[in-house]
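Please read the numbered points alongside the sequence and the model.

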Amino acid sequence: MQEDDDFSLFAEEVQGIRPLKKTEVYLGKKQGGVDYSERQKAALIAKVEDRNHLSKDYVERVDPNDMLEYKKDGVQDGVFKRLRQGKYPIDSRLDLHRRTVEQARRDVFQFVEDCMRHDIRVGVIVHGKGDRTPDPQDQATIKSFINKWLRDLDDVMAFHSAQRHHGGLGAVYVLFKKSEKARLENWERHQKR
């Protein structure tokens with residue numbers, strides 16, 4: 001009984017509808033083809049930006065003469081001591097002088113990705129002390145962000161302010177996580193003993 005009522009209501013609603021005479025519908029513009037290359041470039045840039053989770057909003061300020069140091073759990077004390085003393089060979093270097101916070105943010109993120117891609121174990125980031133800025137509130141801005149960003153990156157195992165000959169308090173040594181390939185080689189080397 002309910003079905004009959006539903007059918008009759010439907011029949012009443014569609015009662016004067018006639019089929020369309022045209023068999024095809026064209027929804028596009030009649031102009032030339034669309035160039036999607038710019039959209040693709042923008043999408044690629046947006047993807048790279050989306051992966052960069054480093055914040056540029058708030059940072060706890062450090063003094064231009066503060067020493068930066070950080071070590072994740074699991075990093076051996078001897079390894080951290082050698083890093084602090086600058087005894088590891090530096091395989092890569094990033095200079096952030098005269099960079100804005102946004103430029104530095106992109107550069108640091110890309111630097112860490114590149115180091116991981118090329119199995120680099122130790123790099124140095126030269127950020128400057130930031131003590132030449134006349135306004136005390138703006139001093140050590142990039143240094144402060146470096147202190148925050150390196151802690152937020154999973155691939156960074158430890159960092160420490162550099163020795164004088166590598167930039168002193170205006171630079172940091174960065175110890176990166178071993179890649180899977182390097183871990184496997186290390187494991188194989190120790191198995192042969």
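How many nonpolar, polar and charged residues does the lining of the largest pocket have, by class?

1. The lining of the largest pocket has four nonpolar, seven polar and seven charged residues. Here Ala, Val, Leu, Ile, Met, Phe, Trp, Tyr, Cys and Pro count as nonpolar, Asp, Glu, Lys and Arg as charged, and the others, Gly among them, as polar.

2. The model is predicted: local features need pLDDT of at least 70 and side-chain atom pairs pLDDT 80 or more, while totals for chains, interfaces and linings use all residues. Residues are numbered from 1 along each chain as its sequence is written, and side-chain values use heavy atoms, leaving out hydrogens and water.

3. The volume of the largest pocket is about 380 Å³. Among its 18 lining residues, H97, H127, G128, K129 and G130 are the closest to its centre. Helix α5 (residues 141-152) supplies the largest share of this lining, three residues. A pocket is an open set of points on a 1 Å grid over the protein atoms alone, where a 1.4 Å probe fits, with protein on both sides within 12 Å along at least five of seven lines; lining residues have an atom within 4 Å of a point. A volume is the space filled by probe spheres set on the points, which are joined across faces, edges and corners. Helices (H or I, at least four residues) and strands (E, at least two) are DSSP runs, numbered from the N terminus.

4. The second largest pocket has a volume of about 230 Å³. Its lining includes G74, V75, Y88 and R183, and by class has five nonpolar, two polar and four charged residues.

5. An open sheet of mixed pairing is formed by five strands in the order β1-β4-β5-β3-β2. Because β1 (69-71) and β2 (92-95) stand at the edges with a single partner strand each, one side of each is left without a neighbour in the sheet. Strands pair if DSSP finds at least two bridges between them. Strands β4 (residues 156-161) and β5 (residues 171-176) run antiparallel and are joined by five bridges; in β5, V174 is the bridge partner of F159.

6. Three aromatic pairs are counted. One of them, F145 with W149, is tilted, at 5.1 Å centre to centre and 35° between the planes. Ring centres of Phe, Tyr and Trp (its six-membered ring) must lie within 6.5 Å; planes under 30 degrees apart count as stacked, over 60 as edge-to-face and the rest as tilted. Both F145 and W149 lie in helix α5, four residues apart, about one turn of the helix.
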